[in-house]
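Subject: Structure for your review

Dear colleague,

I would be grateful if you could read the two side by side.

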Amino acid sequence: MTRPVGTFCLVLHTHLPWLAHHGAWPVGEEWLHQAWATSYLPVVDVLDRLAAEGRTDLLTLGVTPVVHAQLDDPWFGREFHTWLGFWATRAEGLATHQDPDLRATGHREYVAAQRALAAYEARWSAGFSPVLRPLVDGGAIELLGGPATHPFQPLLDRPWQRFALRTGLDDATLRLGHRPEGIWAPECGYRPGIERDYADLGVRRFLVDGPTMLGAGGTTAAGATVGDSDVVAFARDLDVTYRVWSPRKGYPGGRWYRDFHTFDHDSGFRAARVTSTTTPSHEKAPYDPARAAEAVHADAVDFVDVVRRRLLDLAVERDGRDAVVVAAYDTELFGHWWHEGPQWLEAVLRLLPEAGVRVTTLRGAVEAGHVEGRVDLGPGSWGSGKDWRVWDGEAVRDIVEENERLRDRVLKVLAVPTTDRDLVRDQLARTTLLALQSDWAFMVSKDSAAGYARERHERHHRDARMLADLVERGDVRAAGTLADRLRAVDGPFGHLDARLLHAED
């Protein structure tokens, strides 16, 4: 099991939309608080622990600028600290419940809340950047950047697409002192020719979904340069990826894991295990952490075996040449959606090298020679159908058309030349980028908090139109007042410079 068999790259995608000041429950700031407490804290803890042991090139971590901005925001940090305190208080109350299973749940939640509070106060209170930078500087991870607000790039006009990406890359550079050479293209969305803009902006590698690469005659077993550029695309190996993420057979649906969908409605805590995927919520068995830990180990061993066998099979198909397997997931899967995910992640990262699998980053895969040939990719994404239907289908046709009109309108308003930087124009560009977030169309297409998504879409559009009207009329005072009010709520990316939008034509 220790004979070298190939290379494995784990890619995590950390993203939630701009939620600060836009509601709390059931969708809003609570969404980020939960992900921060149950995914970001424990996943970083795993990375810190392995890095302290001298491990490098553990995984490739995508952090979208819109998430990074919120985790660095002092206001959001204070709100999160308060939220952690409420978590501990609610758990303390449940720990005295007369039901022994709920009492045990309260004890577990109280311990978890206290651990999160201690981690936040010790390391995170100054934001995410001071936590993340040592992992980047020390080579434990490779950082992927992306467009500022995570818009679906294939549907953007070229000036907006380049402006969003430049703003996002600049943001990562300012926060961490490193300009990412790789990006997570939002939703793995690709349109032919976009790699030329990537190359021009310093992007050297990006990720697509497996069918996008296979449909162009490429392989998921190696990266490939795209079109007439030297930019490398890697593709997810879905056979391996879906061992975890399959809605029907993925590990998180295992019977011993904590059930995500079943709550004790009085406390809001999850006290049940999955039991089976067909068991009604009211019949699910109590959660048993010891049995869950056993399942984590078994599933980690199984996953390592899946990766190893996949690499051996690929070597046979490739006449003995080593292959690379890329598995990519949302970071929020580990801890938020799948409670035991961080433990599984650490077990897998420890077991893979013992099984002869080289663990590295996308950068490391390039350096190891896992790039073969050129491909001319067609349009694609990692959404339903592996095309663009989630973001431009009939269910969101009105959103697509409104986005087109807004982009055109703001581009024309900002076309009036100005020498000095103008904070009003900057806010107009910023509000427009928030309106273009891919999340709104996704949530509508998937009917996941669709009402919230439509309200957010409409609000950002209304704000941008109002500000554009004032700028166009030359009402400097009213435009300045509105821009100040909007910036107080929707003010990420203080470095954003609207003058650069027309530099991208």
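**Salt bridges in the model**

Arg133 and Asp137 form a salt bridge, their closest N and O atoms being 3.2 Å apart; the term denotes a side-chain nitrogen of Lys or Arg within 4 Å of a carboxyl oxygen of Asp or Glu. The model is a predicted one, in which local features need pLDDT of at least 70 and side-chain atom pairs count only at pLDDT 80 or more, while totals for chains, interfaces and linings use all residues. Residues are numbered from 1 along each chain as its sequence is written, and side-chain values use heavy atoms, with hydrogens and water left out.

Both Arg133 and Asp137 belong to helix H5 (residues 129-137), where they are four residues apart, about one turn of the helix. Helices are DSSP runs (H or I, at least four residues), numbered from the N terminus. Arg133 is partly exposed because its relative accessibility is 35%, and Asp137 is likewise partly exposed at 45% (buried is under 20% relative accessible area, exposed over 50%, partly exposed in between, with a 1.4 Å probe and protein chains only).

A second salt bridge joins Arg409 to Glu472, with the closest N and O atoms 2.9 Å apart. This pair links distant parts of the chain, 63 residues apart: Arg409 lies in helix H14 (residues 397-413) and Glu472 in helix H17 (residues 450-473). Arg409 is partly exposed at 24%, whereas Glu472 is exposed at 55%.

Shared partners also connect Asp45, Arg49, Glu53, Glu346 and Arg350 into one salt-bridge network. Across the whole structure, the search finds 38 salt bridges.

Yours sincerely

Key
Helices (H or I, at least four residues) and strands (E, at least two) are DSSP runs, numbered from the N terminus.
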